[in-house]
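Here's a walk through a two-chain model, taken one region at a time. Have the viewer open and follow along.

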Amino acid sequence: MSAPRLYDALLRLLVPAWLRRRAGDEMRATCAERLAAAGSPRERRRELARELAGLVRVAVLARVERPTFTPQERRPVLDGLRQDLAFAVRAARRHRAVAALATLTLAVGVGASTAMYSVIDGVLLRPLPFERPEQLVFVHPTIEEWRHNPSLQANWQLGVFSPPELRAWLAAQRSFEAAGGYTVRPARVPNGAGSEHIPVGQASSGLWAALRVRPLLGRLPADDERDSVAVLTYAFWQSHFGGDSAAVGRDLRLNDHRVRVVGVLPPRFALVGADAEVWRPLALPEGMRELGNHYLRVVGRLRDGVAPSHAEEELARVLRGVDGGDAGHITHGGHLVSPVRQATEALRAPLLVLGGASLVLLVAACANAALLLLGAGAERTRELAVRRALGARKARVARQLLVESVLLGALGAAAGLAVAAVAVRLLVAIMPEGVPRLADVGVDLHTFVAAALLAAATGVAVGCFPALSLSRVDAAESLRTSVGTARGGRLQRGIVVAELALATVLLVGAGLLTRTMRELQRVRPGFAADGLLAVKLALPWDRLYPPGADPHAADAAAAAYVGRLTDAVRGIPGVSDVALTSDMPYSSDRGTNSVEPEGYVPAKGEVVDAGRRFVSGNYFDVMRIPAVQGRTLGTADDREGAERVMVVTDAFARHFWPDGRWLDRTVGFWGEKYRVVGVIADTREHDLRGDEDRFKFYVPAHSSSDAGGNLLLRTRMPTGALVPLLRERIWGADRAIVVEEMTPMPERMARSLAEDRYRTRLMTAFSAAAAVFSLLGVYGVMSRAVVRRRRELGVRSALGAPRRQLLALVLGDAARVGALGAALGILLALGASRALERFVWGVPRLDPLTYAGAAAALLALSLAASLVPARRAAGVDVMRVIRD
Amino acid sequence: MAGRAPQRFLPLPSLSYYVLLALGEGAAHGWAVIKRIRELTDGTANPSSGSLYLAMVRLEDDGLIAESRTPDGDDARRRYYRLTPLGRDVARAESERLDRLVRRARALDLLPAPK
C-alpha cells in the first residue's frame, strides 16, 4: 500500500468524523507535502512513521478532550437522521411485501429462540431464590455398593443419608456455615367426602439456617418440637387458610395427627425437588437404629473459602467412622452438587437440544431476512444511482441504507418480543408434567436482547452490502443500463444454500424424532392395554400398621382390608375383574431385588439383580399376558400358606438357564426359595422403550400390602361413567383412602411418551418454519435471477428456444441450488444428529431413509419455489425486453 | 468581555503556542506552519499533521486563529490560517507568562544572564 493510501486508511479508521470533516483533507495534503519534502528515503520513512503515530495520538486526544459533536454540528446530524428515518419508513411502505416478510421472518426466529431460551433459563439456569445461592449445595454420600448394581448405579454418587449418618456428620462437620437434612412424604388431609394427599416435608432446623429463610408470619419450628408443630408454605396458606394471618396458632390434621401451625414461609420459598406444602421438624430415631435406611437429603451452605473438595473429604471421613469403621457399612465417600444442577440434571440434555434447534432456526431466519433485504437492495440500485447523480454523498446514501435495515431489524425484534411472549406460554403449557420451576418462566429479557441484537446485526450486515457495492458501481453506468449486476447474485445464492442446509438439518432432526415416536407408538407392550383402567390409591398405612402392633396380626388385617376393598370394586357392574400389582405400569414404581437362580454361578463381581413384581394371582388374566411355557399364576397361588412359586420373563429364563431347563428350578430371594412354574414373553410394563430391567420375575402378593394401592380394572365401561362409582365404592370402604389417579391404560402409555411428543412437536415446528424460510428464499433468488437474465432469456426465445427449454433453464438452476443446500445440510446433520442420539429409538441415528427423505423434501421444495419464476422466464416477451 | 480575556487560555499547550508564534509571521497553511515551528524550535518540535490540525481546529474554535484569504499566486485549494486579534493577545499573554518564569529562573541562577 502506498504511503498516502495507508495514511488515508488509518485516518478514516482512527480519527473521529468531526475532525476528519473539518481537517481531513488538509491533514492528507500536509502529510503529502511533508513526505515530498523529505530528502532521503530513510527520512521519508521516519516522517511517515511520525505522521502515522500522530494519527493514533490524535485519535485518542480528539475523543478524550472534546465531545464528538460540537453544538453547531449536532443539528445537521440529527436532522439527517430524522430524514433518513422518514425515508426508511417511506421505503418500507413502498416495498411493503418485502418489509413485512423480513419483519415476520425475524419475528419468528427471534420469538422462537427467545421463548426456548427463556424456558431453559427458567428451568436450568436461574439460581434458587435464596440469599447467595452459589454457596448452596446438595450433600451426598457416595454409595460404593450401588455402583455395581445396574438399577442403582445411575445414582451411586448421589446417595442420601441415613439418620445416624446425618447426626454424626452434622455434629462433626466444619465446612458448612449451616446444613440440614430433610425428607418429603405424602400425608393425608380430610377433603370433602374423602381424603387428599399433600406432600409434607420434615426438616432439621439447619435447613432453615442454611437457606437463610425468615418466616413471613410466626416462627420456624425448632428441632426439639418433634411432630407437634408445622409451618405452611405461602401457597398452602393461601389455598387452605385463605391467607388469614390468624392461621398461626390454628391446628391442622395430618394423617390423623393434630399439629399446631406456628408460622408461614415467604412466597418465594422454593427448594427444587422438595415440593412440600407443609413443613414439620425432622424427628430422627435414636442411636444407631436405621443405619442402613437411607432417605434423608441434605442441603448445606458452604463457608466462604472452603473448597468443595475439602467438604467432600470431610464428609467421607465422618461417614467412614460413623459405625466405628464397620467393614459392612456401605457408605464410603462424599459428593457435592449445586441444587439447581441437581434438580434439573435430567432435563438438561433434552432442553439444550431444543435450544440448539431454535438457534439454528434463528440463524436461518436472519439469513432469510438478509436475502429479502438484499433482493430489495438490488432492485433499488437505480434509485440509489439517481440519488447519487443528484449529488447525494456516498456516505449519506450508505447511511440511509443502514438506517433502513436497522429499522427493519428493530421492527422484527419488536414483533419477535410479542411472538416470544405467546410462545413462552405455549411452550410451558405443552411441557410434559413434572418439570420443576415452570411456573415462574417468563420472557427472559437478556435472551431477548441477545436475539434482537443478532437480528439488528443482520440488518446492519445486510445494509452494508448495497452500501459497499454502491461505492464501486458507477452511477452513470447503472443509470444507462436497466440490467442489474450479476455480482450480487452469487452472495444471495450462497445465503440460500446455507438456508437450505439449515432447514435440512432441522428436517433430519424432526424426521428422526417423528420416526422414533411412530416406533414407540407401535410397540406392543405384551398385554392388552385396551379396556384396562389403572387406579392408584394411597392406603392409610399408618392406620393399618400402627406403631407397636404385632406384625403378623397387622399383615393379616391388612390383607383382609385389601380384600374387602378389591371385592367392593369388583362388585361394580361393568367391572369384570380387578388385579393388584406392586408396580403400577408406566409409573416411577420400579422394584428390584438381588436373586439367586438355582445353578447359576455369577461372574466375579456380578450383581445378580432382577425386576421384581408382587402381583395378585389373577394379574396375568386381567392383563391378558399368556404363558409361553408352563403356566402363569392363579388365584390358588395367592393364598396364605400356598407353595412359593414364581413366573419369570423369557429374558430371565434365557439368561440364567441357557440350557432351557428352567421348569421347577428355584430362585432364592429374601431368604426364601421360589419354584418357577412358567415363563412369559418379555413385556414392556414400565416404559415402552423397554429401558426397564432386563430380567423380571413375578411372585404372588398374598393379597397383602405389597401390592396394596395399585388396582388394575378390566372393564368395558367408559371411564367417565366409572370414576364416580369407583370413588363411591372406595370411600365407602374407607374414607381415609386417597385416590391419586384413575387413568385408562392406553392414556397412561401415551402419557409416558409426553416428553418424546413434546420434543417431536417442537422440532417439527422449527423445521417447518425453516422450510418456509427457504421456500421464500429460493423463490426470491430465482425471481430476481429471472429478472436479471431477462435479456438473455428474451434473446434465446427470439432465437427459437422452446418454452420447455426456458423452463428447464430456471428449474435446473433451482435444482442445483437445492441439491447443493441439501447435500451440505446432510453433511451437517450427520454430525448434528449426534445431539439427538439418546432420544432416537427404534431407528438408527444415521437412518438413510430419513436423511434421503429430508434431502428430497428440500429439493422438491426448491423446485416448487421456482415454478412461478420459471413460468415467468418462459413467458418473457422479446419485444418488451428490447423496448426496455 | 471578561470571558474572552486572554488569561483564560493560559497556560497554553506548547504546540498551540508554537502555532500562534508561527502564524505571527503571517498567514500560512499546514505544511508551512510545521516548517516554521521546526525553525522556531531548532527542530526540537516537529508535530505530525494530525496533531497540528487538532490543535489548529481547537484554536479556531476558541477564536484564536481564523481561516484567511488565500494570498495571490498561491495554491487556491489550500486553506490558510491567520492570527485573530484575540490570538495575538493570547500569544502576548503567554509570552509574558513565560518571560516571568524565565526571569524567575535567572534570579535563582538557573539561567545565565543574557549576553
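## The tail end of chain B

Let's begin in chain B, at B:Asp109, which sits in the segment after helix H4 (85-107). This is a predicted model, so keep that in mind when you look at backbone angles like the one here: phi of B:Asp109 is near 65°, a positive value in a residue other than glycine. Is B:Asp109 buried or exposed? The residue counts as exposed, because it has 8 C-beta neighbours inside 10 Å.

## Chain B overall

Zooming out, chain B is built from four helices and two strands. Going along the sequence, they come in the pattern α-α-α-β-β-α. Of its 115 residues, 32% count as buried. If you look at contacts in chain B with a separation of 6 or more, 48% of them come from residues 24 or more positions apart.

There's a cis peptide bond to look at too: it joins B:Leu10 and B:Pro11, with omega about -15°. To find the spot, go to the segment before H1 of chain B, where B:Pro11 lies.

## Helix H2 of chain B and what follows

Helix H2 of chain B covers residues 30-40, and its buried residues are B:Gly30, B:Trp31, B:Ala32, B:Val33, B:Ile34 and B:Ile37. What do these buried residues pack against? Their partners come from both chains: H2 of chain A, plus helix H1 (14-24) and helix H3 (49-61) of chain B.

After H2(B) comes B:Asp42, in the loop between H2 and H3 of chain B. Its phi is positive, near 55°, and B:Asp42 isn't a glycine. B:Asp42 counts as exposed because it has 7 C-beta neighbours inside 10 Å.

## Where the chains meet

## Chain A and its cores

Chain A has 27 helices and 22 strands. It runs to 884 residues, and 41% of them count as buried. Among its contacts between residues at least 6 apart in sequence, 83% join residues at least 24 apart.

The largest nonpolar core has 105 residues, and those with the most contacts inside it are A:Leu361, A:Ala503, A:Leu506 and A:Ala770. Helix H10 (residues 339-379) of chain A gives the most to this core, with 19 residues.

## Strands around E19 of chain A

Strand E19 (residues 672-680) of chain A is a handy reference for the next bit. Which way does strand E16 (residues 627-630) run relative to E19(A)? The two are antiparallel, joined by three bridges, and A:Ala627 stands opposite A:Ile680 in E19(A). Strand E17 (residues 645-649) of chain A, by contrast, pairs with E19(A) in the parallel sense, over five bridges. There, A:Val645 has A:Arg675 as its bridge partner.

Strand E18 (residues 666-669) of chain A pairs with E19(A) in the antiparallel sense, over four bridges. In this pair A:Val667 stands opposite A:Tyr674. E18(A) and E19(A) form a hairpin with two residues between the strands, and A:Trp670 takes a positive phi there, near 55°.

Note on methods: Residues are numbered from 1 along each chain as its sequence is written. Chains are lettered from A and ligands numbered from 1 in the order in which they are written. This is a predicted model: local features need pLDDT of at least 70, side-chain atom pairs count only at pLDDT 80 or more; totals for chains, interfaces and linings use all residues. A residue is buried if 20 or more other C-beta atoms lie within 10 Å of its own, exposed if 12 or fewer, and partly exposed in between; C-beta atoms are placed from the backbone. Two residues are in contact if their C-beta atoms, placed from the backbone, lie within 7 Å. A nonpolar core is a set of buried Ala, Val, Leu, Ile, Met, Phe, Trp, Tyr and Cys residues joined through C-beta atoms within 7 Å. Two strands pair if DSSP finds at least two bridges between them.
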